[in-house]
Amino acid sequence: MSIAKQLYQLQEVELEIESNERTLRQIASQLGENQAVVRIQTKLALEQQRLEELRGRQHSAEWEIDDITSKLTTAEEELYSGRIRNPKELTNLQHEVDGLRVKRNQLEDKALEIMDQVEFAAASVAAISSELKTVEAEWHSQQQQLSTEMEQLKTTLSDLEHKQQLLLAKINPQSVEFYRELKKQKRQAVARVEQGICRGCRISLPVAELQRARSDNLVQCSSCGRILFLA
Ligand SMILES: [Zn+2]
């Protein structure tokens with residue numbers, strides 16, 4: 001086998017290794033990444049807090065109503081007890097009763113309004129909770145899938161690295177070093193030649209160059225400098 005062919009095979013294996021390593025890094029960055037879950041958890045916590053606040057306001061409104069109702073009951077009892085005879089006192093008491101009734105009506109309206117808001121917030125909390133469950137389930141299954149993919153990739157990589165070692169053992173070290181230097185500059189150090197064209201730079205090669213490349217020596221493309229490999 002020509003050195004160019006061996007180097008080409010090495011390059012194929014190394015490009016595959018690099019591509020697998022890139023995928024592996026991507027997977028590693030996605031593993032444990034749970035922004036979507038955290039975002040919904042935060043949303044849920046805020047909505048739950050709002051619901052608690054509204055329930056607190058609902059209870060205060062109810063206490064206020066109870067308080068006014070008991071004041072009203074006392075005042076009404078007093079008004080209709082017949083114990084008060086003084087007309088001015090009676091008028092004042094009547095005013096007090098009327099005032100308390102107005103205030104209680106207002107508070108009842110307010111309490112109803114808050115109750116509507118409580119219902120709305122409770123429905124929203126339920127919806128977000130169910131959304132969170134779905135997203136968490138998706139996240140768990142995605143994480144499992146990623147872990148499986150990662151294990152498969154690691155196996156593939158170890159096979160490829162074994163292949164790489166076998167190839168490296170066959171090629172003389174100077175050629176490997178030359179290949180490495182060229183790879184640093186061009187990423188692909190070896191270019192296939194197809195129908196007289198260098199696939200590295202797509203330039204048609206002179207006949208003399210093709211003939212030299214056919215020999216066992218390492219010949220570089222006069223245009224892009226890559227090692228030419230005639231399949
Ligand atoms: Zn070229």
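## Glu 64 in helix α2

Glu 64 is partly exposed, with a relative accessible area of 34%. This value, like every other here, comes from a predicted model. Glu 64 sits in helix α2, which covers residues 35–80. Leaving aside residues up to four places away in sequence, Glu 64 touches Leu 107 and Lys 110.

How many residues apart along the chain are Glu 64 and Gln 211? They are 147 residues apart. Their C-alpha atoms are separated by 102 Å.

## Glu 14 in helix α1

Another glutamate, Glu 14, belongs to helix α1. That helix takes in residues 3–30. Is Glu 14 buried or exposed? Glu 14 is buried, because its relative accessibility is 4% and the cut-off for buried is under 20%.

Glu 14 has contacts with Gln 164, Tyr 179, Arg 180 and Lys 183. Residues up to four places away in sequence are not counted in that list.

## The zinc site

The model contains a zinc ion with four cysteine donors: Cys 198, Cys 201, Cys 221 and Cys 224. Each gives its SG atom, and these atoms lie 2.3 Å from the zinc ion. In sequence, the donor residues follow the spacing C-x2-C-x19-C-x2-C.

Why is the arrangement tetrahedral? The four donor atoms subtend angles of 106 to 114° around the zinc ion. Four donors count as tetrahedral if all angles lie between 85 and 135 degrees, so this site qualifies.

## Burial of the zinc cysteines

Cys 198 is buried, with a relative accessible area of 0%. Cys 224 is buried too, at 11%. The structure holds zero disulfides.

## The three-stranded sheet

Three strands form an open sheet in the order β2-β1-β3. The pairing is mixed. Strands β2 (197–198) and β3 (227–230) stand at the edges. Each has a single partner strand, so one side of each lacks a neighbour in the sheet.

Helix α5, residues 207–214, packs on this sheet. Helix α5 touches β1 and β3. The direction of helix α5 makes about 75° with that of β3.

## How the strands pair

Strand β1 spans residues 190–194 and runs parallel to β3. Four bridges join β1 and β3. Val 190 has Ile 227 as its bridge partner in β3. Val 193 faces Leu 230 in β3.

On the β2 side, the pairing is antiparallel, and two bridges link β1 and β2. Which residue in β2 stands opposite Val 193? Cys 198 does. Cys 198 is also one of the zinc donors. Strands β1 and β2 form a hairpin, with two residues between them. In the turn, Gln 195 has a positive phi of about 50°.

Definitions and conventions: Residues numbered from 1 in each chain as written. Predicted model: local features only at pLDDT ≥ 70, side-chain atom pairs only at ≥ 80, totals over all residues. Heavy atoms only, no water. Donors = N, O, S within 2.8 Å, 3.2 Å for Na, K, Ca; no water. Tetrahedral: all angles 85-135°; square planar, octahedral: opposite > 155°, others 65-115°. Buried < 20%, exposed > 50% of the residue type's maximum accessible area, 1.4 Å probe, protein only. Pairing = 2+ DSSP bridges. Contact = heavy atoms within 4.5 Å. Axes fitted to C-alpha atoms, helices over the stretch in contact; angles between N-to-C directions. Disulfide = S-S within 2.5 Å.
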